[in-house]
Amino acid sequence: MSTEHRFAAVDLGASSGRVMVGRVAPDTLTLHEVHRFPNEPVRLSGTLHWNILSLYQGVLTGLKAAATATTEATPLTSIGIDSWAVDYGLLDATGALLANPVHYRDPRTTTGTVADTVSTAIPPPALYAATGLQHLPFNTIYQLVAAQGTPALAAAHRLLLIPDLISYWLTGEAGTELTNASTTQLIDPRTRTWSTQVADALGIDLSLFPPLRHPGTPAGTLRADVLAETGLPHPTPVTAVGSHDTASAVVGVPATSPRFAYIATGTWSLAGLELDAPVLTEESRLANFTNELGVDGTVRYLRNIMGLWLLQECLRTWENTGTAKTDLPALLEAAAEATPLRSVVDAGDPAFIAPGDMPDRIAAACRRTGQPAPRNPAETTRCVLDSLALAHRRAIEDAVRLSGRTVDTVHIVGGGAHNTLLCRLTADACGLPVVAGPAEAAALGNILVQARTAGTVGGGLSDLRALLHSTQPLRQYEPRGDHSAWDRAASRLEAASRLEGAQVTETQAAEEERCG
């Protein structure tokens, strides 16, 4: 009997989705993309939505392609689903979708009194002590507070996070996978269960969520109509994986030592460490670190950084306005020749969250902090990548300091692993070797959890990572140049941020005096 099995990973990202087929044996791990499809949000009546039905159709088309790519001798052993975090769909009592899910970049959580409502009900230190999550204005709790009083929420019988919604449509069985649930800011990372303290304080009905599922547990089998549409055989099971794509990506880090930091790069950069327990100190909260739950009882202690979204939005602006060619390789080559560290911005600045004219916002941030604004696309690109490398450095240094762990290697996984300039700059900024790859870490981590559940491979995370390290193409970057240049850039940015914060405080005080 063959020890080789095939698994399908449905991996939904903020800009595209894909279905990948992995071939796994004790000494084999290969990945083949069978279908890729766009993820294009839709603005309707002023609200930004995910086009969830289009995404679901892309999943079905991909599973049909996966069926074609396998044989009767080696059918799919199972399917796993991962996606971005925090967003959800609401279902009525019959299981019908009440409305297209709202996009986390929609401004409903950043306008009005949503943040004040949350902080009044449960002050930020208490909220962090209860959930360990970094403050992000689009976390699920803020979305649910913003939705209070709406007809859709009033009519809702079930709330399903995005990967759980896709799984429900495929199988008819509802569950809430734990790693993604931990991004809602409703999970206690110590007990790995719901925080009734937070839910009660905010008036959130936890009965809307179906029971928690853990990675590596069954999530149902494909419905008859799905089997008919995809051509997959009965029964084809769905296995719960780390359904937050970052949880799967961290499984997909090919580390050979526990002393590693990871940066999962894509639309976001998620930079941090894998820990055994959360860090819930006030210092950790003030440093804006998050404790998201990982596979095998781990904690993903990390900071969310704006990531390649900054460059993606620049490219979109230049393409829409016709101001510059958007050939990315040529742009990166020109950026590599631009003056290093001429200007840097805070990659975590909330001003960069919304879609729109990113080059203008970057230039404004430079001018606001007393730095020269980029003069052309190459300089803007260099500013973005220098700023991301600096943010990666700061996140890893802070994570080490706050957790007491040591790091000797940085792993960059996800789409940014293909960006040679970003990897080089990150190695230079951190003063540590950077191992780049695999780019498809989320899909690989997804498939490895399925393969372990099926008994195709065994062991813990270190064993899964050893298989990754021995089978996947990786590239190592050693730190170069004068590390003090990065020290000076970091000091310059921190001084500018303090000055800007002081100016904001003075303005607020003057306004209060005028009104009072």
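## Largest cavity

About 90 Å³ of space lies in the largest cavity of this predicted model. A cavity is a set of points, on a 1 Å grid over the protein atoms alone, where a 1.4 Å probe fits but cannot get out. Volume is the space filled by probe spheres set on the points, with grid points joined across faces, edges and corners. Lining residues have an atom within 4 Å of a point.

Three elements each give at least two residues to this lining: β6 (76–82), α6 (162–171) and β14 (237–239). Helix α6 has the largest share, three residues. Helices (H or I, at least four residues) and strands (E, at least two) are DSSP runs, numbered from the N terminus. By class, the lining holds six nonpolar, four polar and three charged residues. Here Ala, Val, Leu, Ile, Met, Phe, Trp, Tyr, Cys and Pro count as nonpolar, Asp, Glu, Lys and Arg as charged, and the others, Gly among them, as polar.

The structure holds two cavities of 30 Å³ or more.

## Second largest pocket

The second largest pocket has about 1,200 Å³ of space. A pocket is an open set of points with protein on both sides within 12 Å along at least five of seven lines. Its lining has 41 residues, and Asn288, Asp346, Gly348, Asp349 and Pro350 lie nearest its centre.

Helices α11 (282–286), α14 (358–368), α15 (377–403) and α19 (483–515) each supply at least two lining residues, as does strand β18 (299–305). The largest share, eight residues, is from α15. The classes split into 18 nonpolar, eleven polar and twelve charged residues.

## Nonpolar cores

The largest nonpolar core has 144 residues, and Leu170 and Leu186 touch the most other members. Such a core is a set of buried Ala, Val, Leu, Ile, Met, Phe, Trp, Tyr and Cys residues joined through side-chain atoms within 4.5 Å. Helix α15 gives this core its largest share, eleven residues. A second, separate core has 19 residues, including Phe7, Leu29, Val295 and Leu448.

Leaving aside neighbours within four places in sequence, Leu170 is in contact (heavy atoms within 4.5 Å) with Tyr56, Val59, Leu60, Leu63, Ile81, Thr221, Leu222, Arg223 and Val226.

## Ala391

Ala391 is found in helix α15. Ala391 is buried, with a relative accessible area of 16%. Buried means under 20% relative accessible area, exposed over 50%, partly exposed in between (1.4 Å probe, protein chains only).

Beyond four places in sequence, Ala391 is in contact with Ile305 and Ala347. Its C-alpha atom is separated by 32 Å from that of Ala240, 151 residues apart along the chain.

## Confidence and conventions

The mean pLDDT of the protein chain is 94, and 96% of its residues reach 70 or more. Over residues 507–516 the pLDDT is below 50, and this stretch has zero contacts in the model beyond near neighbours in sequence. pLDDT is the predictor's confidence in each residue, from 0 to 100.

Residues are numbered from 1 along each chain as its sequence is written, and side-chain values use heavy atoms, leaving out hydrogens and water. In this predicted model, local features need pLDDT of at least 70 and side-chain atom pairs count only at pLDDT 80 or more, while totals for chains, interfaces and linings use all residues.
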